[in-house]
Amino acid sequence: SKHKGRNRYEFFTYAMEEQAIEKRRLIEQIHTALKKNQFELYYQPIFSINGTSVPKAEALIRWNHPERGLIGPNEFIPIAEKNGLISDIGQWVKLQAIKDTVQFNLLCETPIQISVNTSPLEIDRAGNWVNEWLEASEQYKLPAHTILIEVTENTLMDPDSLIQSQLKRLNAKNIDIAIDDFGVGYSSLAYLQRLDIDILKIDHSFIRDIETNENSIALIKAIITMAHNLGVKVVAEGVETQHQYLLLKQLACDYIQGYVFSKPITKQSFIEKYVKSKVL
Ligand code: C2E
Ligand code: CA
Ligand code: CA
Ligand code: CA
């Protein structure tokens, strides 16, 4: 009946209002989190293909929420992106990752490279983002090639190439560039060459059905061959099983990241397990 319909409508607006309030509360709390230092970087080791060394690791942000406990980035990064807060988070991540990377590289003999995620929305057109990277890396005496900036394909789709030229400036200063989630976006292969990309990270989704879908294998094989022909190395993301790992090894993939070897862990455990010893 009409009456019922109206009730349903009221229910929906009520729910939407609740959601909007919840979102505003979260935005307030992100401000507080930045002030009170509630964010933390976890590190997930990225293994060489033979599984015996850890030349890289990815920094992944976590939020130690005073009431809700540990919160993952999928719950707050998209909201921060919509509210301009992503620049503040990005600045925090940048400094923390640089300091951690310098620390890791003082503790171990062979260099370790740290991957840092970057939202397309934190790269401003005025060049502040790139200048901050360059200034901070100089200030903290970051060794060359110890940072890998991960950008997604849509970051590179910038029509007037302002973002591309900023990435080139970083590259010129020996900060490496990776394409994250490769294969899910437009995958314009031209970028690989034009930007002197160092690493390509094949998205989870292709790895997930590698065991059951022959097309996935063919695709991964083609991506790896093409990348190698351009002098680009390949990381397989989200590798969960031994079988997936062995298939990727057969396909001459260069690096493995995934639960099969390790989940993201705290900085302290990362140092103890992978930096100090550098033995498995
Ligand atoms: P991403 O860059 O694709 O990061 C990889 C995600 O896959 C991480 O989730 C990681 O914990 C997860 N993962 C790793 N191995 C496996 C596996 O074997 N199986 C499965 N199912 N998952 C695996 P996380 O840490 O929740 O991060 C989610 C996303 O949040 C990241 O996806 C990235 O886009 C974003 N993010 C994380 N840290 C930052 C940051 O500092 N800044 C920005 N802008 N974004 C970040
Ligand atoms: Ca990433
Ligand atoms: Ca380079
Ligand atoms: Ca990814």
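This note walks through the metal sites, salt bridges and cysteines of the structure above.

1. Ground rules. This is a predicted model, in which local features need pLDDT of at least 70, side-chain atom pairs count only at pLDDT 80 or more, and totals for chains, interfaces and linings use all residues. Residues are numbered from 1 along each chain as its sequence is written, chains are lettered from A and ligands numbered from 1 in the order in which they are written, and side-chain values use heavy atoms, with hydrogens and water left out.

2. Confidence. pLDDT is the predictor's confidence in each residue, from 0 to 100. The chain averages 91. A score of at least 70 is reached by 94% of the residues. For the complex, the predictor gives an ipTM of 0.98 and a pTM of 0.93.

3. The calcium ion (ligand 2). Donors are N, O and S atoms within 2.8 Å of the metal (3.2 Å for Na, K and Ca); water is not among the atoms, so sites may look incomplete. Four residues coordinate this ion: Glu-58 (OE), Asn-117 (OD1), Glu-150 (OE) and Asp-180 (OD). The distances run from 2.2 to 2.3 Å. Along the sequence, the donor spacing reads E-x58-N-x32-E-x29-D.

4. The calcium ion (ligand 2) and the calcium ion (ligand 4) are 3.9 Å apart. Asp-180 coordinates both. Asn-117 sits in strand β4 (residues 113-117) and Asp-180 in strand β6 (residues 176-182), so this pair links parts of the chain 63 residues apart. Here, helices (H or I, at least four residues) and strands (E, at least two) are DSSP runs, numbered from the N terminus.

5. Buried or exposed? Buried means under 20% relative accessible area, exposed over 50%, and partly exposed in between (1.4 Å probe, protein chains only). Asp-180 has 7% relative accessibility, so Asp-180 counts as buried. Asn-117 has 29%, so Asn-117 counts as partly exposed.

6. Asn-171 is in helix α5 (residues 162-172), and Asp-198 is in the loop between α6 (190-194) and β7 (199-202), so the pair ties together parts 27 residues apart in sequence. Asn-171 is buried, because its relative accessible area is 13%.

7. Salt bridges. A salt bridge is a side-chain nitrogen of Lys or Arg within 4 Å of a carboxyl oxygen of Asp or Glu. The whole structure has seven. One of them joins Glu-58 and Lys-201, at 2.9 Å from N to O. Glu-58 lies in strand β2 (residues 56-65) and Lys-201 in strand β7, so this bridge ties together parts 143 residues apart in sequence. Glu-58 is buried at 4%, and Lys-201 is buried at 1%.

8. Lys-201 again. Which other partner does Lys-201 meet at 3.6 Å, N to O? It is Glu-237. Glu-237 is in the loop between β8 (233-236) and α9 (242-250), 36 residues from Lys-201. Both are buried. Glu-58, Glu-150, Lys-201 and Glu-237 are linked in a network of salt bridges.

9. A partly exposed bridge. Glu-75 and Arg-68 pair at 2.5 Å, N to O. Glu-75 is partly exposed at 42%. Arg-68 is partly exposed at 43%.

10. Cysteines. A disulfide is a pair of cysteine sulfur atoms within 2.5 Å. The count is zero. Cys-108 is buried at 8%, and Cys-253 is buried at 2%.
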